[in-house]
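Reader: I am new to reading structures. Please pick one part of this one and take me through it closely.

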Amino acid sequence: MSGAALGLEIVFVFFLALFLLHRYGDFKKQHRLVIIATLLAWYLCFLIVFILPLDVSTTIYNRCKLAVNSSPAESNGSYVTLAPSKQKCFKPWSYIPDGIMPIFWRVVYWTSQFLTWILLPFMQSYARSGGFSITGKIKTALIENAIYYGTYLLIFGAFLIYVAVNPNFNLQWNQLQTIGIAAANTWGLFLLVLLLGYGLVEIPRSHWNGAKRGYLLMKTYFKAAKLMTEKADAEENLEDIMEEVRKVSESIKYNHPLRKCVDTILKKCPTEYQERMGRNMDDYEDFDERQNSYPSEKSLAKLHKQVIYSVQRHRRTQVQWQILLEQAFYLEDVAKNESSATRQFVHTFHSQEPENKIIQYFYTPTVEWYWECLLRPWFYRVLAVVLATFSVIVVWSECTFFSTKPVLSLFAVFIQLAEKTYNYIYIEMACFLTIFFLSICVYSTVFRIRVFNYYYLASHHQTDAYSLLFSGMLFCRLTPPLCLNFLGLTHMDATISHKNTQPTAYTSIMGSMRVLSFIADGFYIYYPMLVVILCIATYFSLGTRCLNLLGFQQFMGDSEMTSDLIDEGKELIRREKRKRQRQEEGENRRREWKERYGNREDSTRSRAVHTDQKESSFSETNANRPLSKYTRSNGRTERDRIELLQDAEPLDFNADSVNDDPLELDSGR
């Protein structure tokens with residue numbers, strides 16, 4: 001089993017990252033390089049979280065081997081004996097051979113740092129650029145990132161000059177590397193504590209509120225009112241941009257040098273606007289350079305950028321509106337079915353997507369009623385209590401993990417108890433649950449936050465390229481300090497435990513933080529205590545209240561603006577519900593009419609065909625008889641009546657020939 005667990009987790013984490021990226025990104029419309037870069041960033045970050053428990057169990061086993069193989073005198077020197085020297089060490093099932101983990105961590109860490117500090121910022125500017133060629137987009141990205149990269153080079157150059165001039169510093173390459181890692185981890189830890197303080201409170205509270213049907217329904221009404229405003233604004237913005245595109249398309253004719261740029265912009269527009277502009281455009285007029293002033297390529301690139309943004313925003317609001325409607329209808333159905341005496345869940349509208357037959361077989365209306373109306377609220381309450389307990393343990397450990405005598409961090413206590421008995425499965429499970437909960441608190445906040453319309457992770461394939469790349473940057477910057485914080489909570493970091501024991505492979509890659517003592521003994525230890533203040537602020541919704549005072553509508557139960565938006569959203573949902581009911585009633589009436597009168601129409605058509613056959617045979621028998629004008633008109637009128645019953649195509653009229661009846665033409669011939 002050596003290395004098998006590592007291989008399985010590598011494959012599992014890859015498909016997990018691919019599934020999440022497929023939920024938020026759009027593989028068909030977005031650029032392949034954007035998808036690959038985001039997938040690689042997410043994959044490496046998730047991989048660190050899943051592999052770190054294996055590193056902990058392997059390190060504990062290596063410590064045990066060193067303690068058993070060393071003499072008592074040696075055990076007091078390089079390594080501390082954690083168990084009696086005669087105790088036998090059992091190899092864990094997930095043991096990773098020596099030499100693999102250091103190489104693995106080195107490749108993963110430096111690849112993620114290259115992504116977050118160099119490649120992803122460049123690709124963000126490239127994705128947002130409105131250039132019409134690869135060279136133009138690269139040039140725009142380099143110009144936008146010149147200040148970004150120049151700032152880091154200036155700081156690093158000033159630091160190197162200071163070290164070279166000062167004789168007290170004799171830093172080697174490994175120490176410079178450690179200083180760079182420490183600087184990156186310090187920036188990540190600063191953001192990590194902010195996101196962690198929000199997630200530790202908001203995740204248990206959201207699950208507790210999930211058990212309140214009235215709360216969820218009111219919040220959905222509130223979201224509907226806000227989303228309708230955003231949707232109307234997106235439609236208005238799209239109309240304005242399309243009007244500018246129309247003017248540019250009419251001014252720049254087919255033989256203008258910039259016509260290719262205009263065609264590229266038109267391809268990014270919605271189909272209905274393309275058809276409308278195509279009908280109103282006269283490409284046969286030549287352009288005259290002396291007649292009008294034409295836009296420059298730079299202004300067209302700016303317009304191209306605005307078109308991409310407005311179309312993406314319009315599409316996203318449309319999809320989110322439909323999803324929100326389905327959620328509102330479902331919550332209203334749950335509220336109605338709670339008082340059902342039959343205990344059968346009845347939906348107001350049938351699902352538009354085909355359901356799986358296996359799910360239909362097991363998830364019957366009775367099972368759905370028991371789950372939605374009885375079991376689900378209690379399940380959410382129990383889950384909220386469990387998550388709140390984890391949050392309290394994390395807050396306590398963050399404030400006391402620096403204490404080694406006595407050990408106050410609960411996570412360190414759990415790991416040390418399991419380490420005495422070498423219960424590797426328990427160690428890996430405890431480590432995995434701890435770091436997984438920390439990751440959920442941090443990563444879920446990254447998925448929830450929204451910076452106006454510049455950064456927003458929207459599900460159902462509605463996230464733009466800029467937001468995907470930005471999320472990859474955040475993950476790569478947050479994951480290394482998150483793992484170091486986890487190792488500090490469990491006292492697996494020698495900087496925290498102050499023990500001269502064998503470090504984990506991950507800690508050895510990070511280097512010794514003793515090079516910067518004010519960071520190792522100060523910032524890394526005391527800054528995480530700030531999570532207590534952030535949790536208190538989140539519990540009392542101080543951030544939400546501040547945003548509400550600044551004019552950003554937030555859901556607050558005691559606010560008059562919130563009540564008005566809830567009423568507005570309720571009316572919008574009611575209006576959409578009536579519209580959908582009328583559509584379904586119309587479809588049902590058409591279906592019933594077709595089922596009721598479909599057979600009669602078929603029989604009428606068959607009788608018409610039979611009559612036409614009789615008329616044809618009668619005309620053939622009397623083809624040689626001279627027919628008068630009136631006889632021809634009467635016969636043609638009868639045949640026209642039969643053709644109308646048959647829904648036949650009308651015959652072409654020939655004004656030059658009086659005898660235009662096909663039957664009579666044949667008889668004349």
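Start with one residue. Leaving aside residues up to four places away in sequence, Cys483 touches Ile48, Leu52, Ile435 and Tyr506. Keep in mind that this is a predicted model.

Where does Cys483 sit? Its place is in helix H16. Is Cys483 buried or exposed? Its relative accessibility is 0%, so Cys483 counts as buried. The cut-off for buried is under 20%. Along the sequence, Ser439 and Cys483 are 44 residues apart. In space, the distance between them is 9.3 Å, C-alpha to C-alpha.

Now widen the view to the helix. H16 covers residues 465–489. Helix H2 covers residues 32–69. The axes of these two helices come within 8 Å and cross at roughly 15°. What does that angle tell us? Angles under 35 degrees count as roughly parallel. H2 and H16 are therefore roughly parallel to each other. The crossing of H2 past H16 is left-handed.

Which residues make this contact? On the H2 side they include Val34, Ala37, Trp42, Cys45, Ile48, Leu52 and Val56. On the H16 side they include Ala465, Leu468, Gly472, Phe475, Cys476, Cys483 and Phe486. So what kinds of residues are these, by class? The contact of H2 with H16 has 17 nonpolar residues and 4 polar ones. It has no charged residues.

Ser112 is found in helix H4, which covers residues 100–128. Leaving aside residues up to four places away in sequence, Ser112 touches Leu44 and Cys476. Ser112 has 1% relative accessibility, so it counts as buried.

One loop lies between strand E2 (455–456) and H16, and His461 is in it. The phi of His461 is positive, about 65°, although His461 is not a glycine.

For contrast, take a helix pair elsewhere in the chain. Helix H8 (residues 213–251) packs with helix H11 (residues 297–337) at an angle of about 155°. Their axes are 8 Å apart. H8 and H11 are therefore roughly antiparallel to each other. H8 passes H11 in a left-handed crossing. By class, their contact has 22 nonpolar, 8 polar and 10 charged residues.

One loop holds a further detail. Pro406 is found between helix H13 (365–400) and helix H14 (410–421). The peptide bond from Lys405 to Pro406 is cis, with omega near 0°.

Finally, step back to the whole chain. Its secondary structure comes to 24 helices and 2 strands. The chain has 669 residues, and 40% of them count as buried. Take the contacts between residues at least 6 apart in sequence: 78% of them join residues at least 24 apart. The accessible surface comes to about 38700 Å², and 60% of that belongs to carbon and sulfur atoms.

Technical notes:
Residues numbered from 1 in each chain as written. Predicted model: local features only at pLDDT ≥ 70, side-chain atom pairs only at ≥ 80, totals over all residues. Heavy atoms only, no water. Axes fitted to C-alpha atoms, helices over the stretch in contact; angles between N-to-C directions. Helix = DSSP H or I, 4+ residues; strand = E, 2+ residues; numbered from the N terminus. Parallel < 35°, antiparallel > 145°, perpendicular 65-115°, else oblique. Left-handed = near helix turned anticlockwise from the far one by under 90°. Contact = heavy atoms within 4.5 Å. Nonpolar A, V, L, I, M, F, W, Y, C, P; charged D, E, K, R; others polar. Buried < 20%, exposed > 50% of the residue type's maximum accessible area, 1.4 Å probe, protein only. Areas by Shrake-Rupley, 256 points an atom, 1.4 Å probe, with all protein chains shown as cover.
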